[in-house]
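Here's a quick briefing to read with the model open next to you.

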Amino acid sequence: MDTSILRPGEREFSNGDLYSGELKGSLPHGKGKYEWSDGTIYQGDWYEGKISGKGKLVWPSGAKYEGDFSGGYLHGIGTMTSPDGSVYSGAWRMNVRHGLGRKEYCNSDLYDGSWKEGLQEGHGSYSWTNGNRYIGNWKNGKMCGRGVMRWANGDLFDGFWSNGFRHGSGVYKYVDGCLYYGAWSHGLKDGKGVFYPAGSKHPSLKKWCRSLQHDDTGKFVLSRSSSINVEELRSLSTVTPSLSVKTSVSGASKTLSERFRDENLRVSEPPPSDFTCHGPSSKSARSSGSGQREGQDKNRVVYEREYMQGVLIRETITSSVDRSHKIRPPNLPKQVKSRNFMTFLKGEHNYYLMLNLQLGIRYTVGKITPVPRREVRASDFGKKARTMVYFPRDGSNFTPPHKSIDFSWKDYCPMVFRNLRAMFKLDPADYMMSICGDDGLTEICSPGKSGSIFYLSHDDRFVIKTLKKSELEVLLKMLPKYYRHVGDHENTLITKFFGVHRIKLKLGKKVRFVVMGNMFCTELKIHRRYDLKGSTQGRITEKTKIQEKTTLKDLDLAYEFHMDKLLREALFKQIYLDCAFLESLHIIDYSLLLGVHFRAPGQLNDTLEPPNVMSDQESVSSVDVGMAQELSIPPKGLLLVTHEPNSVNTAPGPHIRGSTLRAFSVGEQEVDLILPGTARLRVQLGVNMPAQAHHKLDEDKEESATIELFEVYDVVVYMGIIDILQEYNAKKKVEHKCKSLRYDPMTISVTEPKVYSKRFVDFLHKVFPEET
C-alpha cells in the first residue's frame, strides 16, 4: 500500500478521540477535524500528524481560537475569544501572545500594541472604560519607560514610569492649565520641581508632544489613532512549518489539548490591575498657584518645590521669567561638567581606562579564585606581594586579545584581598559580573575636592575610585591592621576594600584604583547625602550648586536623628572602636558618609488628601488593594518587628555590615524594619537603621521666600566611615599653625589624630542625640 497517497478517512482512538479527514498513511495530513473525548474540537490543516496551517479550535469552556498553527502550537496570526468575552487578535508564538496585538477585555478596557511572552512589552496604548488612556512603553505587563497618561478629567502626565507607577522625571499638566515639572518615585512626587500656576509663562511642551511619535532611537511609536487588525498583521508575519515534530496522533492530541487549556487560563486573566489614577498630592498643592501671595503678578510667579514621599516640604517663590529657560524635558541629557583631574583620560582614553580595569579585574579574580584559601602571611602584605601582567592588544599566552590599547596591570596583595572578599562573603562570580559584565561602568561625579574619578558598577554594588600615589601608600601601610580589624569587628563602619590595582598605559601614565562597597546600594531612594567631619570651616555647600544627588556638608545638616536606645548604643560602640583604630594609624580627615531616606510623618495623615482614584467603580474593584495602598501615605511611616530570616534578604552584600541589630522597643530582640506598602528590611549597623529626623527651624524663616513646611520625619539612615587614607603629617601642622589661630574652633584639618577623633565623635553625638 502506498502511504504517500492522501485519502479521506476516519480514525477512532482507544481514549475516545475521533479524527475525520485526509490521511497520509495513518497520520492526519491535509484538511481534517479532530474531536477530543473532553469535547475540544479542532478543524483545519494538518501536517504529518501535527496541527499546522490555518484552523479553528474550540474548547468546551466556550473559548475559541481561529488563525495560524505550527507544529501543534498557536503560532502566527490569530484571534482568541475567551469564555469571559475578552478578545485578542494579533501575533502568537508557541501558544502565547507575542508580537503586535490588540486585546479587548471583558470590561471593555482595550490594549493595542506590542506583546512579549504573553505580557504587554514594548510600545502600546491602554484605554480604560472610565476614559483614562496611556500611550507609551511597557515591560512585563506594566507601564515602564517613557509614556503619557491622560485622565478622564483632563489631567495629563508625560514622563517616565516603572513597574506601573510614575517613576523618574516628568511633567504633570492639570486641566485648569497648571503645570508641574519634577520627579516622581513609585507614583509619588519625590524630589525638586517647579510648579507653574495657570496662566503663567512656562517652558514649551512641543518637545514632549513630539516624543509621543518616536522613541529615543527614532523608531515609530503607536499613535493615538493606531489600530491593529488581523489582516495587517498577517502581512508582517509568516508561519513556518519547521516546528513540526513527528509523533503519534494520540499522544500529540493529548498534549495539545492540555497546552490549550493552560493557554486558555492565561489569556482569560483580568486586565492589568496595577494602575491607580491620582492627581495632585493635596488640595494645598493644587490651589497654591492662585491663592497665595496676593498682590504679586500671577502671570510671573512660579513655585520651586521639594517633595519627599509625596509630602511637600519646601516651597520657594520665584519668577517664571527667571526660571522658564532653566527647565528641560527629562529625556534631554544632563550637562556634564569638565574635570580638572587627569585630563588625558577624557573621551576615548576614559573608555579605554574602563575596559582595561574590567580586563584586569577579570584576570585577577579568575586567577586567584581557584587557589585554595589559606591564612595570610607577612609576605602577603610586602612589596613583593604584587602581580604584574602585560595586556597587548593582540593578546598573549596569558591574556586574551581586546579592543583597548596596550597596558600593564599591577594587582596589589592579591591573597589578602581574596581573603577579604571571602570574609565579606562576596561571591567571586557575582563580583566579576557586577564590575566586568557587558553593561560596563558608569562614571559619577566626585563629592569632594580630591579630583578623583569615581566609577559605579551597573548594579550599583561597587564604587571604584582613582587614588593618588600617597593614598595608595597609606592604604598598603595600613592593610595588615585593617585586615585584623575587619576580622575582629564584623560590624565595622569603615569602608570595605575589595581590591587595589594599577594601570600603566602605553603613554606612560599610571592610574591607581581601589574597589569599595557602595553603602547606598539599597532598594530605597536616598534623598539626602552628607559628608560629615565635625568641622565648620568651609563645611557648607553653595545653594546654587545643590542638586538632587549633591553630597552636602556639616553646616548643611539641619536635622537631629533620634533612634532606638539599643540601636544608638550599638552605633556609638562601633564608632568608638573604629575611631580608636584610625587613631592608632595616625589617620585624620575621615568622614561619616550619611544617607537619609525620608518617609512621610505619621502625624501628617490628617492634613493630607488621599490620592484621587478612578471614578468607575468596576475599574476600582479590579485594582489590587495592596498596590493602591502603596500609593497613599501609610498610617505609620516605620515599624520595627521581630526579625524573621525567611521574610527578608539575609544574603551579605557590599554594603551589609555584620549581624542583625537588637532594638529596645521590641524587647531587645533582633529586628526587621517594615515600611508599610514598600518593603521589609533587615536592620544592621549602618544599614536600614530607622530614626526620626527633627528639623532645626531657622529663626528668620518668616522673612525668607523659602518656606519649610514640616519639622519631623520618619527616616531610614545608611552610614559608613570613608576617606580614611589621609595620614597625619606633623610638618603640615606646623606650617598651618598660624592660620589655625584664625580658624573656627571646630577646624580639624590640621589637628592631631586623637583631637580629630574626639571632635568627630562629639559632633556625631549632636547629630544622634541621646534621648532624655
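Let's start at a turn: in the hairpin of β24 and β25, 4 residues sit between the strands, and Asp-460 takes a positive phi near 70°. Keep in mind that this is a predicted model.

**Around the hairpin**

- β24 (residues 454-457) and strand β25 (residues 462-467) run antiparallel and are joined by 3 bridges.
- Which residues cover the two faces of β24? Phe-454 and Leu-456 are on one side, Tyr-455 and Ser-457 are on the other, and all of them are buried.

**An open sheet**

- Another piece to pick out is an open sheet of 6 strands with mixed pairing, in the order β29-β28-β31-β38-β36-β30.
- β29 (551-552) and β30 (559-562) are the edge strands, each with a single partner, so one side of each has no neighbour in the sheet.
- β30 pairs with strand β36 (residues 689-695) in the antiparallel sense, over 4 bridges.
- Within that pairing, Phe-561 has Ala-693 of β36 as its bridge partner.

**Nonpolar cores**

- In soluble globular proteins, nonpolar side chains tend to be buried together.
- The largest nonpolar core has 119 residues, and the members touching the most others are Tyr-482, Phe-561, Ile-724 and Phe-768.
- Helix α9 (residues 469-488) gives this core its largest share, 9 residues.
- What does Ile-724 touch, once residues up to four places away in sequence are set aside? The list is Val-474, Met-478, Ile-494, Phe-497, Leu-582, Ile-587 and Tyr-590.
- There's also a second, separate core of 40 residues, and Trp-59, Trp-128, Tyr-174 and Tyr-307 are among its members.

**Rings and charges**

- A pair of aromatic rings is described by the distance of the centres and the angle of the planes.
- The structure holds 44 aromatic pairs.
- One of them is Tyr-111 with Trp-138: the ring centres are 5.3 Å apart and the planes are at 80°, so this pair counts as edge-to-face.
- Tyr-111 is in strand β10 (residues 110-116) and Trp-138 is in strand β12 (residues 133-139), so the pair ties together parts 27 residues apart in sequence.
- Tyr-111 is buried, at 0% relative accessibility, and Trp-138 is buried too, at 5%.
- Tyr-180 and Trp-184 are edge-to-face as well, because their planes are at 85°, with ring centres 5.6 Å apart.
- Tyr-180 has a relative accessible area of 0% and is buried, while Trp-184 is buried at 3% relative accessibility.
- Two rings have a charge to look at: the charged end of Arg-166 sits over the ring of Phe-157, 5.5 Å from its centre, and the charged end of Lys-565 sits over the ring of Phe-664, 5.3 Å from its centre.

**One buried alanine**

- Ala-663 belongs to strand β33 (residues 662-663).
- Is Ala-663 buried or exposed? At 0% relative accessibility, Ala-663 counts as buried, since the cut-off for buried is under 20%.
- Leaving out neighbours within four places in sequence, Ala-663 is in contact with Asp-564, Leu-566, Leu-640, Glu-668, Gln-669 and Val-671.
- Ala-663 and Ala-570 are 93 residues apart in sequence, yet their C-alpha atoms are 9.8 Å apart in space.

**The chain overall**

- The chain contains 15 helices and 38 strands.
- Of its 772 residues, 52% are buried.
- Take the contacts between residues at least 6 apart in sequence: 56% of them join residues at least 24 apart.
- The accessible surface of the chain is about 36900 Å², and carbon and sulfur atoms account for 52% of that.

Key
Residues numbered from 1 in each chain as written. Heavy atoms only, no water. Phe/Tyr/Trp six-rings, centres within 6.5 Å; stacked < 30°, edge-to-face > 60°. Buried < 20%, exposed > 50% of the residue type's maximum accessible area, 1.4 Å probe, protein only. Lys NZ or Arg CZ within 6 Å of the ring centre and 35° of its normal. Core = buried A, V, L, I, M, F, W, Y, C linked by side-chain atoms within 4.5 Å. Contact = heavy atoms within 4.5 Å. Pairing = 2+ DSSP bridges. Areas by Shrake-Rupley, 256 points an atom, 1.4 Å probe, with all protein chains shown as cover.
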